[in-house]
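Subject: Structure handover

Hello,

Here is the structure I promised to pass on. Please open it alongside this note; what I found follows below.

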Amino acid sequence: MQTTPAPDGATDDALLTVFDLQLRQRARPDGPSATVERSGGVLRQVGPGHVWNGVLWSRLTESDADAEIAAQVRHFASLGHAWEWKLYAHDRPADLGQRLLAAGFEAEPAETVMVARIADLPHASEPPAGITLHPVTDEAGVELVALVHDRAFGNGSARFGERLLAQFAEAPDSVTAVVAMAGDLPVSAARMDFHLGTEFASLWGGGTVPEWRGRGIYRALIAYRARIAAERGYRYLQVDASDQSRPILQRLGFVPLTVTTPYVREP
């Protein structure tokens, strides 16, 4: 795939355009089990249960949006998977979110899309005393990540672990993960996806168990992943930031580009 690079010193609007082009309009499957399909004005990813299923990008108008939403509902219903329409604040038509709600979707909490130049991020931030960082490479490591995920976010650890194991097995060059340990206790974990053929790596699943928050572990996990992304030649890190992580990321140099809201449907 031909990559359209972001210019040096790009404005936020220019960077958003490159983000949309590289990670949405020209999105690649996130593993061998996934397929990216174009259907009308929609780009979607489909696959078996452990694969993220949903709409990545759309180009709709007020006149065709409802029909396209109905077409996607029918398609994913035939697959029998839970799925998500990943809506961005600048997507059109402007009332697309309201149309999705009217079509039976449920909106999950919105997150801020943030991007940083990897060269501008601190790469030397070390974890606090008593914490060690360990790369995750096998099933035992994934189990530790899932334990952290469950305690940090409250649910979904089984599916998260299944997906991470599948990525390691099917597309090991597309993902890396790390767990922070306090002795034998996993207290924080995160993963990073590498979007092959683009300038972007993306940060996902970063979470710390409640009693270990506020000690600099999250910052250390970002620096750890930034070093790996830099070594692999990526230019930008992207993250969908919660209200909790956004202030930390802004202090590190991430800038907000837009807001994304997951609209979900169960099978």
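Two strands pair if DSSP finds at least two bridges between them. By that rule, strand E5 (residues 106–107) and strand E12 pair in the antiparallel sense over 2 bridges. Ala107 has Tyr263 as its bridge partner in E12. Please keep in mind that this is a predicted model.

**Strands around E12**

E12 has other partners. E4 pairs with E12 in the antiparallel sense, over 6 bridges. There, Lys86 has Pro262 as its bridge partner in E12. Strand E6 (residues 111–117) also runs antiparallel to E12, and 5 bridges join them. Val113 is bridged to Thr258 of E12.

**Helix H2**

H2 has 15 residues. From first C-alpha to last it reaches 22 Å, close to the 21 Å expected at 1.5 Å a residue. Its buried residues are Ala65, Glu68, Ile69, Gln72, Val73 and Phe76. Seen down the axis of H2, these fall within an arc of 140 degrees, so they line one face of the helix.

What do the buried residues of H2 pack against? They pack against strand E1 (35–39), strand E2 (42–46), strand E3 (54–58), E4, H3 and strand E12 (255–265). The face of H2 turned away from its buried side carries the exposed residues Ala67, Arg74, Ala77 and Ser78. After H2 comes Gly80, with a positive phi near 80 degrees.

**Helix H4**

Helix H4 (residues 139–153) has 15 residues too. H4 reaches 20 Å from its first C-alpha to its last, close to the 21 Å expected at 1.5 Å a residue. Buried in H4 are Gly141, Val142, Val145, Ala146, Val148, His149 and Ala152. Viewed down the axis of H4, the buried residues fall within an arc of 165 degrees, so they line one face of the helix. Exposed Glu139 and Leu147 sit on the face of H4 turned away from its buried side. Gly154 follows H4, and the phi of Gly154 is positive, near 100 degrees.

**Salt bridges**

How many salt bridges are there? The count comes to 11. Here are some of them.

Arg99 and Asp66 meet through their side chains in a salt bridge (3.1 Å, N to O). This pair links distant parts of the chain, 33 residues apart. Arg99 is in helix H3 (residues 96–102), and Asp66 is in helix H2 (residues 65–79). Arg99 counts as buried because its relative accessibility is 15%, and buried means under 20%. Asp66 is partly exposed, with a relative accessible area of 47%.

Lys86 and Asp240 also meet in a salt bridge between side chains (2.9 Å, N to O). That pair links distant parts of the chain as well, 154 residues apart. Lys86 is in strand E4 (residues 83–88), while Asp240 is in strand E11 (residues 236–241). Are these two residues buried or exposed? Lys86 is buried, with a relative accessible area of 12%. Asp240 counts as buried at 9% relative accessibility.

Arg191 forms a salt bridge with Asp193. Their closest N and O atoms are 3.1 Å apart. Arg191 and Asp193 are both buried. Then there is a network: salt bridges that share partners join Asp20, Arg24 and Asp91.

**Ser174**

Where is Ser174? Its place is in the loop between helix H5 (157–170) and strand E8 (175–182). Ser174 is buried, with a relative accessible area of 9%. The side chain of Ser174 reaches the backbone oxygen of Ala171 at 2.7 Å. Leaving out residues up to four places away in sequence, Ser174 touches Asp30, Gln167, Met192, Asp193 and Phe194. One of these, Asp193, is the salt-bridge partner of Arg191.

**Where to begin**

Lys86 lies in E4, has the bridge partner Pro262 in E12 and forms a salt bridge with Asp240.

Best wishes

Notes
Residues numbered from 1 in each chain as written. Predicted model: local features only at pLDDT ≥ 70, side-chain atom pairs only at ≥ 80, totals over all residues. Heavy atoms only, no water. Helix = DSSP H or I, 4+ residues; strand = E, 2+ residues; numbered from the N terminus. Expected span 1.5 Å × (residues − 1). Buried < 20%, exposed > 50% of the residue type's maximum accessible area, 1.4 Å probe, protein only. Arc of directions from axis to C-beta. Salt bridge = Lys/Arg side-chain N within 4 Å of Asp/Glu carboxyl O. Polar contact = N/O pair within 3.5 Å; in protein donor to acceptor, adjacent residues only side chain to side chain. Contact = heavy atoms within 4.5 Å.
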